[in-house]
Amino acid sequence: MNNGDDQLTHNNRVIAKQDMRMAGARGVNTEILDKELSVLLNEATDIEKQMMALSDRLKKLKQTISGFDTTIVEQADVKIVASEQPKTILPVAERPKEKVQTPPKSVVKKTVKKVKSKPAVKTTMSKTKGVVGVRIGVHKDKTRLVFDVNGSTARTHDFDKEAGLLTISLPKTSWATKTQKMYKLSQVSGYDVNKQGQGSVIALAVKDTSSVKTSAIAKTKTKPARLIVDLIK
């Protein structure tokens, strides 16, 4: 083998090494891989930012709810009656029956004339605008929240099942009752309300809920409109 062949072999090896560096260890164009990897990293960064924002929002809601020491539950359909201890009833000796004397008819007529009927009490609806009350009813297959609304019931909602967060937006309706409340219920831990422009946004901490359904009932002469939110188990 002459010097010319040795030089050619050497040159071929150098070119092969350069080609390997350009193609990468597996024969793949690394420039294309770098571009695809850069796109994936940017998408992963955006998703991570969104998850961090949602986590911070949920953490603030849980901190707000944990500050309450008392539980106030206003139920629409469920009545809670305190149990009473059984009372011991002692036998009482029977008294002899006394004869009841019937008063004369003239006395009865005079008595009737003196009694005047009272006028019926009219039920007046609150004139305060916005959400004026929140009620909760616990059922076998769901928990129902009823918002009494003097105004528009237009709404949108977003339910994050994994985070346990339900957000209800009322773009045209203000809030005219308590803005924070805590519950010790199987599906609702509490809510927090924030003003948004002319409307309001309700954030609820929920659990054991598979889906959310909303509906509305128009106002009547004696009752405000009602926004109904069902947390389906």
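This is a predicted model: local features need pLDDT of at least 70, side-chain atom pairs count only at pLDDT 80 or more; totals for chains, interfaces and linings use all residues.
Local features were considered at pLDDT of at least 70 and side-chain atom pairs only at pLDDT 80 or more, whereas totals for chains, interfaces and linings use all residues. Residues are numbered from 1 along each chain as its sequence is written, and side-chain values use heavy atoms, with hydrogens and water left out.

Strands (DSSP runs of E, at least two residues, numbered from the N terminus) were taken to pair where DSSP finds at least two bridges between them.

Antiparallel pairing over eight bridges links β9 to strand β2 (residues 142–150), and Phe-147 has Leu-227 of β9 as its bridge partner. Strand β8 (residues 211–217) also pairs with β9 in the antiparallel sense, over seven bridges, with Ser-211 bridged to Ile-232 of β9.

An open, antiparallel sheet is formed by five strands in the order β3-β4-β7-β6-β5. Because β3 (156–160) and β5 (180–182) stand at the edges with a single partner strand each, one side of each lacks a neighbour in the sheet. From one strand to the next, the twist averages 10°, with axes fitted as lines to C-alpha atoms and angles running from 0 to 180 degrees between N-to-C directions. Strand β5 is joined to the antiparallel strand β6 (residues 188–196) by three bridges, and Gln-180 stands opposite Asp-192 in β6.

Terms used:
Helices (H or I, at least four residues) and strands (E, at least two) are DSSP runs, numbered from the N terminus.
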